[in-house]
Amino acid sequence: MSTFKFPVINPLLHSELRLKIMVALASLESADFTYLCEITDCTRGNLSVQIATLKEADYITVSKTGVGPLSHTVCHITQKGRSALQVYEDGLRQMFDERVPSREAEESKKSVN
Amino acid sequence: MDNQQELDIISSIRGEVMANRELTGENLFLAWGYPTVFFLIVEFVALQVWNEDWCGWIWAGIPLIGIPLMLYFVNEDYERTHHRTLDQNVIMMMWVFIGFACCVGGFAMGMANVYRQCLFPLIGLMCGMGCFMTGIILHFRPKTVCGIIASALSAVPLFLQGDLWHWQLLVTAVIVIIALIIPGHLFRRYVRKSYIKQ
């Protein structure tokens, strides 16, 4: 029997939109609301909810300038967020690497039978 | 979402971010280059006409014009692209440091009365090094080459001492043209061409 332990998956990053936001911010120095909307292909309302969740977890920082229609929201990833994303991605890769050999073993068993 | 899908999302977003990165900062070299050359020439002329101590501080006008222009162009770039990459941040921080080093070094040398010996070689060397490193980071060869030439020329003012020291200003203006204005125009043309392609 395999002794592989599944890594604990971070529930905050186990959401498509939040994951997209974090990956985009980790690849850049900073990005504003409009850019994140375009790259994640989501609505402004949904994005603002997810940004608030990530901000609450200290994964990103949000700076706002201006008021009303002229306001400008810029997001930066924090060190905590960067390391959480790294751990999450490593966990996924670990699980994926574990699954691929076991699938191959199952397929070879079937072919033998 | 299974882990295969999540890994796909990570790589696709990374790829999209990399593909959508836009070249920016095409006006920053010019925003610093033209005021620097202007004030150096004004200082040279003022020293030729009046030759008084206050004329030696005209260069301090460079950051007064350069900093607002830089902030304007940085904001304009951000409004256009809506993001800033790590490379752009490194380049900006490097030039801010170079600007501060030149200003602080200039004031310190003025106070220590070694302004005539050391200031202009320092400015030339700083501009040349900044241009060289920017070229390396952006993979833009003209900036790298101009940076090397400007850094090499920054030694020339060291040989213009005594009565000839006013000429250091003109040599430094030439160094700034090589380090900032020529690569600035070449980079601007390159960035404009890349827009047209997109």
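In what order do the four strands of the open sheet stand, and is their pairing parallel or antiparallel? I opened the notebook with this point, bearing in mind that the model is a predicted one.

**Entry 1**

I read the order as β2(A)-β3(A)-β1(A)-β1(B), with antiparallel pairing, so the open sheet takes strands from chain A and from chain B. I then looked at the edges, where I found β2 (60–65) of chain A and β1 (83–84) of chain B, each with a single partner strand, so that one side of each is left without a neighbour in the sheet. I also looked up what lies against the sheet, and noted that helix α2 (residues 33–40) of chain A packs on it, touching β1 (30–32) and β3 of chain A as well as β1 of chain B. The direction of this helix makes about 90° with that of β1(A).

**Entry 2: strand pairs in chain A**

As background I wrote down that strands of a sheet pair through backbone hydrogen bonds, either parallel or antiparallel.

**Entry 3: helices of chain B**

I checked the length of helix α2 (residues 28–49) of chain B: its 22 residues, at 1.5 Å a residue, should span 32 Å, and its end C-alpha atoms are 32 Å apart, which agrees. Just after α2(B), I noted that Asn51(B) takes a positive phi of about 50°.

I next looked up Gly15(B), which lies in helix α1 (residues 3–19) of chain B. Its relative accessibility is 39%, so I recorded Gly15(B) as partly exposed.

**Entry 4: the largest pocket**

Finally I turned to the largest pocket, for which I noted about 620 Å³ of space. I found 35 residues in its lining, with Leu23(B), Thr24(B), Gln88(B), Ile91(B) and Leu138(B) lying nearest its centre. The elements that give two or more residues to this lining belong to chain B, and include α3 (61–81), α5 (115–138) and α7 (167–197). The largest share, six residues, comes from α4(B).

Note on methods. Residues numbered from 1 in each chain as written. Chains lettered and ligands numbered in written order. Predicted model: local features only at pLDDT ≥ 70, side-chain atom pairs only at ≥ 80, totals over all residues. Heavy atoms only, no water. Buried < 20%, exposed > 50% of the residue type's maximum accessible area, 1.4 Å probe, protein only. Pairing = 2+ DSSP bridges. Contact = heavy atoms within 4.5 Å. Axes fitted to C-alpha atoms, helices over the stretch in contact; angles between N-to-C directions. Expected span 1.5 Å × (residues − 1). 1 Å grid on protein atoms, 1.4 Å probe; cavity = no way out; pocket = protein on both sides within 12 Å on 5 of 7 lines; lining within 4 Å. Points joined across faces, edges and corners; volume = space filled by probe spheres on them.
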